[in-house]
Amino acid sequence: MKDVVTVDGSPIGRTPRSNPATYTGVLTPIRDLFAALPEAKMRGYGKSRFSFNVAGGRCEACGGGGAKLVELQFLAPVTVPCEECGGHRFQAETLEVHYKGKSIADVLAMTAEEALELFRDHPKIARPLEVLVEIGLAYVTLGQPSTTLSGGEAQRMKLATELQRRPGGQALYLLDEPTTGLHLADVARLVAAFQKLVDLGHTVVVVEHNLDLLLAADHVIELGPEGGAEGGRLVAEGTPEAIERTKGSPTGEVLRALRRSRAGGLAAPVERTVPGGPRQAAASAISIRGARTHNLQGIDVDVPRDALTVVTGPSGSGKSSLALDTIYTEGRRRFVESLSTYARQFLGTKDRPPVDRIDGLRRRRRSTTTCACSSPAPGRGIARTTARSSRRATRAGSRGASSRSSTGARAGSSRRSRSPRRS
Ligand SMILES: Nc1ncnc2c1ncn2[C@@H]1O[C@H](COP(=O)(O)OP(=O)(O)OP(=O)(O)O)[C@@H](O)[C@H]1O
Ligand SMILES: [Mg+2]
Ligand SMILES: [Zn+2]
C-alpha cells in the first residue's frame with residue numbers, strides 16, 4: 001500500500017479561515033482567474049488581492065476574518081460581523097472586480113452547485129466542485145467556515161478531496177461509522193464514493209451497521225456475538241448473500257427479514273465492485289491472523305484488496321479494534337519503521353498491535369512480509385501522516401508531523417497519519 005488513511009468526522013480546520021474553497025483547493029484557481037480578468041490587470045491586482053488571508057485586498061479592520069470578537073466581561077466573547085466590510089472580508093475596491101457579474105465575495109457565498117454552474121468552463125475549478133456535488137455536498141457554500149461543518153459533512157469533504165487527489169496509487173482507507181447522521185439519499189452517495197475509490201484501485205474498509213452500505217459491500221466481516229468479553233469473535237464472513245445464509249448471524253437474520261419485507265430481493269444500491277465476490281479476489285487480500293487487540297479473541301480475517309469491506313456487529317464487539325487499532329495501526333507502524341530514526345521520533349511510537357501476522361499490506365506483486373508481534377494494545381488515535389508531512393517533520397524537527405490534516409483521529413486525539421511506502 002502506498003498510503004493508509006483513516007477518514008473520520010473530526011473538524012477539517014481549526015480556524016474559520018479554512019473553508020470548502022480552501023480545503024478542496026478550488027480557491028487557488030479561482031483567485032488566478034480573478035487576477036487574470038482585464039479589470040484586475042488594469043488595476044494591477046495580483047492573485048493575493050483576492051485572498052482574505054494575506055494583506056492586500058482583504059478588509060484590514062477584521063483582518064479578513066469577516067467578524068470581530070467582542071469580549072464581554074462576565075460572558076463568553078461573542079463574534080459580530082465586521083462593520084467595515086459587512087462580513088464580506090474584502091475591501092470595497094477588491095469587490096469591484098467581477099467575473100460574470102460576481103465578485104470574489106459573491107463566489108464565496110455560492111453553494112458548490114452554483115459555483116459549478118459559474119465555472120463550468122474552467123476544469124481546474126469545476127472538477128473539485130463536481131466531486132463535492134457528487135458526494136452530496138452541493139448545498140455547502142464555498143466560504144462556510146470549516147469549523148461549522150457537521151461531522152458527516154466534514155467526513156465527506158475529506159473523501160471528496162481524496163477522490164480527486166489520488167488517481168493512481170493504491171491506498172487503504174479505513175472509516176468508522178461514516179453514515180452516522182446521514183440521510184438515506186446521502187448514504188447512497190457515500191456508497192458511490194466508496195465504489196469510486198475502489199474503481200481507482202484502492203481498498204476500503206468501513207465499520208458500519210447501515211444495511212444499504214452493507215449490501216453494497218464485496219465482503220462483510222461480522223463480529224460478536226455481544227460486546228466486551230462476550231464479543232471479539234468472528235460470527236460470519238463473506239458476501240452479504242453468504243452472511244444471509246449463515247446460521248446464528250444476527251446480521252444474516254436482519255438481511256433475511258429485509259429480503260422478506262422488500263419481497264423483490266435485496267437490491268444493492270450500487271453494483272458490486274468485485275464480480276463474483278471476494279473468493280475471486282482472495283489471491284489479493286490483506287490477511288489478518290490471530291488478532292487480539294482489546295477484546296478480539298485471536299481472530300483470523302481477510303480483507304480483499306481493491307474492494308469494499310464492511311465490518312459489522314454489535315456495539316463493543318470489536319469493530320473499531322479490528323479496523324483502526326489493528327489494521328490501521330499496523331499499516332502506520334510499518335510505514336514509520338521504514339523511516340530514519342530521526343524522523344521516527346517525531347512520528348510517535350511504533351506500537352505493534354497484538355496480532356500474529358498481517359500480510360498483504362505491501363504493494364501488489366511483491367512478496368509479502370509477515371510480522372510476529374505480541375506487545376500490548378496501543379492507544380487509539382492517529383489518523384494519517386502523509387509522506388509529505390513526515391518529510392517535513394524530519395526537516396522541521398520539533399514542529400512535528402502536524403502539518404496538514406485531512407483526517408482527524410479517533411477518540412479526538414490528534415491528526416496526521418502516515419503513508420506506508422514500504423511495509
Ligand atoms: N483502549 C482500550 N483499552 C482497553 N479496552 C478497550 C479499548 N478500546 C476499546 N476497548 C474495549 O474493547 C471492546 C471492543 O471495543 P471497540 O471500540 O472495538 O467496539 P466497537 O465494536 O467498535 O463498538 P461500537 O459500535 O460501540 O463503536 C469493548 O469492550 C471496549 O470496551
Ligand atoms: Mg467503534
Ligand atoms: Zn472586515
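# Close-up views of a predicted model

**View 1. Helix α13 against the six-stranded sheet.** Helix α13 (residues 319-337) lies across β1, β4 (171-176), β5 (203-207), β6 and β10 (308-312), and its direction is at about 145° to that of β4. The model is predicted: local features need pLDDT of at least 70, side-chain atom pairs count only at pLDDT 80 or more, and totals for chains, interfaces and linings use all residues. Residues are numbered from 1 along each chain as its sequence is written, while chains are lettered from A and ligands numbered from 1 in the order in which they are written. Helices (H or I, at least four residues) and strands (E, at least two) are DSSP runs, numbered from the N terminus. Axes are lines fitted to C-alpha atoms, for helices over the stretch in contact, and angles run from 0 to 180 degrees between N-to-C directions. Two residues are in contact if their C-beta atoms, placed from the backbone, lie within 7 Å.

**View 2. The six-stranded sheet.** The strand order in this open sheet is β1-β4-β5-β10-β6-β7, with mixed pairing. At the edges stand β1 (3-6) and β7 (233-238), each with a single partner strand, so one side of each has no neighbour in the sheet. From one strand to the next, the twist averages 15°. Strands pair if DSSP finds at least two bridges between them. Strand β6 (residues 219-224) and β7 are antiparallel and share five bridges. I221 has E237 of β7 opposite.

View 3. G224 and P225 are joined by a cis peptide bond, with omega about 0°. P225 belongs to the loop between β6 and β7. Most residues other than glycine have a negative phi, and most peptide bonds are trans.

**View 4. The surroundings of ligand 1.** Ligand 1 is surrounded by 14 residues, the closest being H294, S315, K319, S320 and S321. A residue is counted as near a molecule if its C-beta atom, placed from the backbone, lies within 6 Å of it. The shell is made up of one nonpolar, eleven polar and two charged residues. In this grouping Ala, Val, Leu, Ile, Met, Phe, Trp, Tyr, Cys and Pro count as nonpolar, Asp, Glu, Lys and Arg as charged, and the others, Gly among them, as polar. H294 sits in the loop between β8 (285-291) and β9 (299-304). Although H294 is not a glycine, its phi is positive, at about 50°. H294 counts as partly exposed because it has 19 C-beta neighbours inside 10 Å. A residue is buried if 20 or more other C-beta atoms lie within 10 Å of its own, exposed if 12 or fewer, and partly exposed in between, with C-beta atoms placed from the backbone.

**View 5. R89, with a positive phi.** R89 is not a glycine, yet its phi is positive, at about 80°. R89 is in the loop between β3 (78-81) and α4. R89 is buried because 26 other C-beta atoms lie within 10 Å.

**View 6. The buried side of helix α2.** The buried residues of helix α2 (residues 27-35) include L27, I30, R31 and F34. They cover an arc of only 100° around the axis, so they are on the same side of α2. The arc is that of the directions from the helix axis to the C-beta atoms. An α-helix has 3.6 residues a turn, so residues three or four places apart point the same way. The buried residues of α2 pack against α1 (20-24), α3 (38-43), α4 (104-108) and α6 (123-134).

**View 7. A216 in helix α9.** A216 lies in helix α9 (residues 211-216). A216 counts as buried because it has 25 C-beta neighbours inside 10 Å. Its C-alpha atom is separated by 7.3 Å from that of V191, 25 residues apart along the chain.
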